Amino acid sequence: MFDFLTHLFDTQGFPPRWHCGDWSPAHGWLHVISDLAVWSAYFAIPCILLYFVLRRRDIPFRMVFCLFGAFILACGTTHLMEAIIFWWPAYRLAGVIKLFTALVSWGTVLALIPATPKALAMRSPEQLEREIVARQGAEQALQQTNDELQRQVAALRASEERFRLLVEGTRDHAIFMLDPAGRVASWNLGAERLLQYRADEIIGRHCSCFFPPEDAGAGRAEEELRQATAEGKFEEENWRVRQDGTRFWASVVVAALRDEQGQPRGFAKIIRDATIRKQAEENARQLAEEAAARRAAEENAQAIERQREQLRVTLRSIGDGVITTDAAGRVTLLNPVAESLMGRPGAEAVGQPIDAVFRIIHEQSRAQVVNPVVQVLATGQAAGLSNHALLVARDGSERPIDDSAAPIRDQDGRVAGAVLVFRDITERRREEGERQQQVRQLAEAEERIRAVVENVIDAIITIDERGQVQSANPAAERLFGYKREELLGQNVKLLMPEPYHGEHDGYLANYLRTGQAKIIRIGREVEGRRKDGSTFPMELAVSEFALGGQRFFTGIVRDITERKQAEAALREADRRKDEFLATLAHELRNPLAPIVNSLQILRMAEGDLAAGRQARAMMERQLQHLVRLVDDLLDVSRITRGKVELRRERIELSAVLQNALEASRSFVQAKAQSLTVHLPTEPLWLDADPTRLAQIVSNLLNNAAKYTDRGGQVWLTARRDGHEAVISIRDDGVGIAAEHLAYIFGIFSQVVPALERSQGGLGVGLALVRGLVELHGGTVEARSAGPGQGSEFVVRLPAAEAPAPATPPPAVASESNDGSTRRRILVVDDNRDAAASLAMFLQLIGHDVQIAHDGPEALEMAGAFAPEVVLLDIGMPRMNGYDAARHIRAQPWGQSMFLVALTGWGQESDKQQAREAGFDLHLTKPVEPEALEKVLAELTHASRAPS
């Protein structure tokens, strides 16, 4: 089957149909045209079906239509293949298409089988017509029913009108209707005469307005309606109130009204005035009560006297202070305890107003507190003092008290006085204060402990003797991924991977039995397991405590994953640093060997000019290599510390790439490699530092050539991608393993071991490339299919708009300077060879030169020699170059000298420090002779060059 599918489009072995049998052109074209005509029709029919299905989304059996269209389209495809085979004998493909057509055909058949009963079940037009006729008959019957209802409504309205006339004509009875909520719904003339409300004033108001205020407040109106609802009818005689507030004795009947389903519709209420009958009955009752009251009064007088005597004995025996008053608030009685607490005898207090003998103030504000007796007499309700009340005795002493006052009522329920009971709570206040202080201290301690446990970054888990979790803080929830509720009651080994999980129960049992501890009170590094099954290293410290006769264990857990990763990263960084230092030593020593050899050649071949030139060229190449290594290191350091400043300008990418190609072409050609360059045909502009951009491309080209075998290929491609410029450097060299792609741009990362990198270099080039690209706001990416598969580095930089055409500046005659001016120059350097070689060079180009080897010597010689230019080293013994420059500038003769810092310290901070010390220019060693010669040629006596 696989072989058949792989040769599906293969026509080998099958001649076109034109070459099969005796096909004449006329016969063949007849079949071709017929098949194409059938195919076009088969293609048009599904299109029409698709249009029909899309326009009629309510049509049934949409899927059957779609399958039928697919069947027709597949049939047409077989005819199309029949025509194609005349030229392209793809008989295997034609057979597959016919097979597909057969499958679609049977799929259509299978879809039609269940759809056929549904289609047969659809109603016919005759059935639909019968349904319409039946619906019209139902509508006519409904119209007849509606007419009958309207006749019944008219009859009901007539009956209602007769009832209304009857009710409104009754003037001796108030007859009105209430809705289910008790609001007035109708009002007759009798109600208006009896209750004095007009209909427009009362309809919509609640029936409680007819009740006296005390009954209305007690809910008598609602209770009346509830009873009428429950029993169907309610009758009573009681007081009612007219609109003007006068009361009358009313005979009331309330009937509940319900609809046919028994649901409440409202209430009918009838009220009749029975005041005259009630007054007659009340007069008779009062006469009988007065006679009985006289008899009872005599008996009460005797009982009251006995009660007073009993009260005096009782008040003298209780431990609280008791004071009684009359209705006017004057003291009538006080017991000995009250006399003692107030410091006032009873004979003096009796008859006095309560405020005069019982003075109380607020403990904090010192304001007078309202006497509870006054509140009781005013409200008739019991009252007590608020907290922090002090009783002021007659002698001015104060003591905290707790009291309560209650009304004394007579037989009619009227307030006849008040009784005040109070006690000294000094001792109780002291005990409560001590208890509150203890509770407060315990609560504060508990809150501090809880705050520490809840907010500490370490996980804290407490377990019992069985290993079950009793508590867990939020840090434990975050660390292990479990909710606190999920942990409580679970065995703590839930949080442990193997082997700790299987060993935990046995270890805990052994400790409880023998006391031998491996972790408890010791602490160690173990592994933990989160809810998702992942494990992590953690530091565990366990302590034991007892509570309520049980032993508990608290574990403090700290996730040390980051620490472990940091330790591993430090070890890896240390390994890379050692390898980098070894590489640095190797790369710095390599150029020294040819330099030493060239010096020996110069000594031995003094008369051989060709050998001397060859030796000098070799020394220059090796020196340039050393300078390049040092510059790469300094550039990476500056980028790391953010000290690099780009000199951006609007540049065209192709020109920069040409400069980079010139710098790297010799390296590529030296290995006989093929360099293919594809540059954009249209100008591609960037806002970039051209020098740094050329450095990026040159480093990547050198890197590609370095790790590509001799005779290999390197491709440089540049193009525009939207708003970005894309530069790609690709090679077919050694490639990069997938695990190395993540850190290939690191400063100490070496994909190939140092001993195997015979091409040279420190391995900082890619780190430098990434830093410079990111400073430009771009990205760099490394790609490789693996070792031996080559690699590609893609740089993306923001593109810019083309610059506006610039007006060429007017031509200015340049001032010729051939550097022939003879100058006095002082060279200061503690390295004698460096000072001597520089002085020799300056003398050879025609300058008057003297040498000093430290700061004090430079000051002395500068004063005597009066040089125009001082080339001053910074790092020197006795006095460094900064201090020497300051001393020179402090002298009158040193104001016009041109001071140049000539040093190996080349950071931006070093340049800033040189400017502050008074230097005009800062040059980093080694200085190209041409650059120094140019500085001296441009120097004038009139002005010092800027730094």
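Author: E525 has a relative accessible area of 38% and is therefore partly exposed, a class that lies between buried, under 20%, and exposed, over 50% (1.4 Å probe, protein chains only). The model is a predicted one, in which local features need pLDDT of at least 70 and side-chain atom pairs count only at pLDDT 80 or more, while totals for chains, interfaces and linings use all residues. Residues are numbered from 1 along each chain as its sequence is written, and side-chain values use heavy atoms, with hydrogens and water left out.

The partner of E525 is R563, and the closest N and O atoms of this salt bridge are 2.7 Å apart. E525 belongs to strand β14 (residues 524-529) and R563 to helix α19 (residues 561-604), so the pair ties together parts that are 38 residues apart in sequence. The term salt bridge denotes a side-chain nitrogen of Lys or Arg within 4 Å of a carboxyl oxygen of Asp or Glu. Helices (H or I, at least four residues) and strands (E, at least two) are DSSP runs, numbered from the N terminus.

R563 counts as partly exposed because its relative accessibility is 34%. The side chain of R563 also meets that of E539 in a salt bridge, at 3.5 Å from N to O. Since R563 lies in helix α19 and E539 in strand β15 (residues 535-547), this pair ties together parts that are 24 residues apart in sequence. E539, with a relative accessible area of 32%, is likewise partly exposed.

A network elsewhere joins R220, E224, E236, R240 and K269 through salt bridges that share partners. Within it, the side chains of E236 and R220 meet at 2.9 Å, N to O. E236 is in strand β2 (residues 233-241) and R220 in helix α9 (residues 220-231), so the pair ties together parts that are 16 residues apart in sequence. E236 counts as buried, at 15% relative accessibility, whereas R220 counts as partly exposed, at 29%. In the whole structure, a search finds 44 salt bridges.

Other acidic residues form a surface patch. E620, E928, E930 and E933 make up a negative patch; patches consist of residues with over 30% relative accessible area and no salt bridge, like charges being joined within 9 Å and nonpolar side chains (Val, Leu, Ile, Met, Phe, Trp, Tyr) within 5 Å. E930 is placed in helix α28 (residues 929-938) and counts as exposed, at 55% relative accessibility. A nonpolar patch is formed by F9, W29, I33, W87 and W88, which together have about 590 Å² of accessible area. Areas of this kind come from the Shrake-Rupley method with a 1.4 Å probe; for residues, only the protein chains shown count as cover. I33 sits in helix α2 (residues 25-55), and its relative accessible area of 54% makes it exposed.

D873, by contrast, is buried, at 6% relative accessibility. It occupies the loop between β26 (869-872) and α26 (881-890). Leaving aside residues up to four places away in sequence, D873 touches V828, D829, D830, G881, L902, T903 and K925, a contact being heavy atoms within 4.5 Å.

As for the whole, the protein has 28 helices and 28 strands, and buried residues make up 35% of its 947 residues. The protein exposes about 56,300 Å², of which carbon and sulfur atoms supply 55%.

Note on methods
Lys and Arg count as positive and Asp and Glu as negative; His and the chain ends are not counted. The place of a charge is taken as NZ of Lys, CZ of Arg, CG of Asp or CD of Glu.
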